[in-house]
Amino acid sequence: MALTQIDDKIRRTDAVSKARGEAVYLSDMNLEGMLHAQMLRSTVARGRILSVDIPSLPDGYYYISAADIPEGGVNSLWMIQKDWRCFAEGDVRYVGETIGLFVGKSREVLKSLVANTHVEYEETVPAVTIDDAIAVKGGPILEKDDVHCSLYCEKGRPMDDVFAEADMIVEETIETGFQEHVHLETNGCIALPEDDHYVIYASAQCPFYIRKSVAGVVNLPIDKIVVRQTVTGGAFGGKENFPDVLAGPALLAAYVIGKPVRLCFDREEDMEFSVKRHPSKVIYRTAVKDGKITGTKGTVYYNAGAYLSSSFVVLQRGVFHATGVYDIPNAFVEGFGMATNTFPSDAFRGFGAPQTLFAYEVHLDHVARRMGRDPVDLKSELFIKKGGETITNGHIVEEVMLPKMLDDIATASDYWRKSAEYGYGSGKGIGMAFYNHGGAFTGNGEQALIKAHARLVKTGDKVRIECGQTEMGQGFNTILRKIAASVLGIPIEDVDYPAPDTSCVPDSGPTAASRSTMIVGKLIERCAIEMKERWADGDFSVEKEYEHPDGHPWDQGTFRGDAYLGYGWGAVCVELEVDRRTNEVTVKGIWSSHEIGKAIDELIVHGQINGGIVQALGWAAMEKMENRNGHFKQTSMSDYVIPTSMEFPHQTYFIQDNPYEWGPFGAKGMGELVFNGAAAAYVDALERAIGKEACKIPLPPEDIEEVIRNDR
Ligand code: MTE
Ligand code: HPA
Ligand code: MOS
């Protein structure tokens, strides 16, 4: 077997088992005596529950609800706060809220039990949109008002002064819609009693999150709950907190019945009754004086839905990315997470950053047009540099390579010639966007909240990695084994990295925030360096804890300081043509350049780039998820259309090396970065092609028609 070198392009460790169909997913598992479960869900968005009439239960069938929670147990899931109830009790706050769980042998019988249950409600008018929440439709959803969370940040001088001095002020509102994850494997878990504890198998990103979230429901200490990740067929943030919503009721059922209980969503359930990306509405007001942008005020609204979940953290990331990759001398940005009666919104690749980055890119395009400038020209003058001050009064630690990246894609796409030739309104357009993504948890999250640990265990000539990070398609199993093997100078086949089991591995934090490579990869690199020095010592293990670099303060009370250390950076160019009769768009070319410190494996990075860009183009161009009275309208893959390999052309990509001091082999996070820019580049190109300004995505052909009929 060949020794693994960091620069080799290698076959993914999970490729063969997945391609051959040998990988065992949750729905392939069939445990002795296992029962199935089907959720009874709220069919109204908001109201009091007057009664729940369930049909008589056949032998071996059960109905589990809040009434079954044992003494001392709580009816809440512990995400960031404990506001999301395990079962609705007294009232319901969104369509799809779990009221109870039917459990038994046959899924058909379970479905008929759900269909024959009669729930009587006293309905109240729901708030569905951000505007509904602002207007506090039908009275507040929350006890206080309809804002789940809020914050603000400022930099430079007071914005009132900046506006008073301005020659021109451009104000506009930019909106984005819901986005459904459509991970190919739907959500699912199995809960069962085992010895003196309970086991939860789950398709999930964060086994340790589930353990903490559900233990309180059955009033057990967390170490009596063991979570084992099963092969996960895609997640994209949709399995960061949401698995708790399945695991809580399933665990209670296993606790009451004493048998394994499997709760697995079919595709319709997974689309209709799961978390989505936060819809957003961002109002920007930008001042221009003497041909220069002097300041921006932003008001950011995210539709958080019925429960907080991770929305405050999503909103923070949104606010912290709200002035893009630019050094805007004066800025004030406030953010509000609005409570509505829609399914709670939650993590989705980018975690709040894509919405504001999109809005600011589009806004700057519009400002540039009013200044008579080419947007790319204007933006490139504003690129933030090493040492530049961020909106949280922190500073950029790395050399910012955006000028080089712009050059990469402008040259490859022939941007300047095409931009001049296509002009505005010719039916052809070429557009660009620039973006970044702060790697890992915000501020002191890594240091204060997570305190990641990871371990390397040596047995003979082989080593095993022990940590809580999960493989969900992003390639982390390959990345981490490659880091260990390269440092140790052994073949990757000699490094094992089993899927995490919370009873056997140290808690290395969630697989989220694109943190796995830069944070946990670094821990394993440090473990491997020490192990190599002591290789001759026989069998032993090395465990390391996260160490935060000195000199980068963060105040979580005021949101000031270095919100992130290493950012990934990106530039993307999209070229397209619009059919003037049907408004159908054909994308002709996609060019991107990313600076991610160092690519641990170019093939995996290439896959992430391709996938992230296509996912963002889907968000911008075709993925329309509407909500009427709290009900999602698109509930299948035939009405919610995601891109396939037919939709977009071959992509050209560039990767810039810029080794990051605190990442393994110099690597930074990149899994979400690649999502953050393509929607804005697409809209830039589309606006140029149709000669009209768009302030809202998604833009399927019918919505393009609306834009064309606008007078902007
Ligand atoms: N890529 C694939 N194929 N599948 C996924 O579920 N999730 C994304 C991204 N890339 C995802 C993916 C999200 S939301 C995150 S946070 C990162 O991967 C997490 O993985 P990392 O920490 O290894 O970057
Ligand atoms: N991304 C995902 N999950 C998180 C983050 C983040 O930035 N911060 C806290 N939880
Ligand atoms: Mo990713 S949205 O941080 O799971």
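## A walk through a predicted model

The buried residues of helix 11 (402-413) pack against helix 10 (375-382), helix 12 (415-422), strand 16 (428-438), strand 23 (567-578), strand 24 (585-595) and strand 27 (651-656). Here contact means heavy atoms within 4.5 Å, and buried means under 20% relative accessible area, exposed over 50% and partly exposed in between, with a 1.4 Å probe and protein chains only. Helices (H or I, at least four residues) and strands (E, at least two) are DSSP runs, numbered from the N terminus. This is a predicted model, in which local features need pLDDT of at least 70 and side-chain atom pairs count only at pLDDT 80 or more, while totals for chains, interfaces and linings use all residues. Residues are numbered from 1 along each chain as its sequence is written, chains are lettered from A and ligands numbered from 1 in the order in which they are written, and side-chain values use heavy atoms, leaving out hydrogens and water.

Let's stay with helix 11 for a moment. Helix 11 has 12 residues and reaches 16 Å from its first C-alpha to its last, close to the 16 Å expected at 1.5 Å a residue; the expected span is 1.5 Å times one less than the number of residues. Its buried residues are Leu 402, Met 405, Leu 406, Asp 408, Ile 409, Ala 410 and Ser 413. An α-helix has 3.6 residues a turn, so residues three or four places apart point the same way.

Next, look at ligand 2. Which residues are around ligand 2? They are Glu 240, Val 313, Arg 317, Phe 351, Phe 441, Ala 512 and Ala 513, where a residue counts if one of its heavy atoms lies within 4 Å. By class, this shell has five nonpolar, no polar and two charged residues. (Ala, Val, Leu, Ile, Met, Phe, Trp, Tyr, Cys and Pro count as nonpolar, Asp, Glu, Lys and Arg as charged, and the others, Gly among them, as polar.) A polar side-chain atom of Glu 240 lies 2.6 Å from a nitrogen atom of ligand 2, and an N or O atom in the side chain of Arg 317 is 2.8 Å from an oxygen atom of ligand 2. On its own, ligand 2 exposes 260 Å², and the protein buries 95% of that; such areas come from the Shrake-Rupley method with a 1.4 Å probe.

Ala 513, one of the residues around ligand 2, has another feature to find. Ala 513 has a positive phi of about 60° although it is not a glycine. Most residues other than glycine have a negative phi, and most peptide bonds are trans. Ala 513 sits in the loop between strand 19 (495-496) and helix 15 (516-533), and is buried at a relative accessible area of 12%.

Not counting residues up to four places away in sequence, Glu 672 touches Arg 349, Gly 350, Phe 351, His 437, Ala 513 and Ser 514. Glu 672 lies in the loop between strand 27 and helix 17. Is Glu 672 buried or exposed? With a relative accessible area of 9%, Glu 672 is buried.

Val 182, between strand 8 (168-176) and strand 9 (188-194), has a positive phi near 45°.

Note on methods
A polar contact is a pair of N or O atoms within 3.5 Å; within protein, one must be able to donate a hydrogen and the other to accept it, and residues adjacent in sequence count only if both atoms are side-chain atoms.
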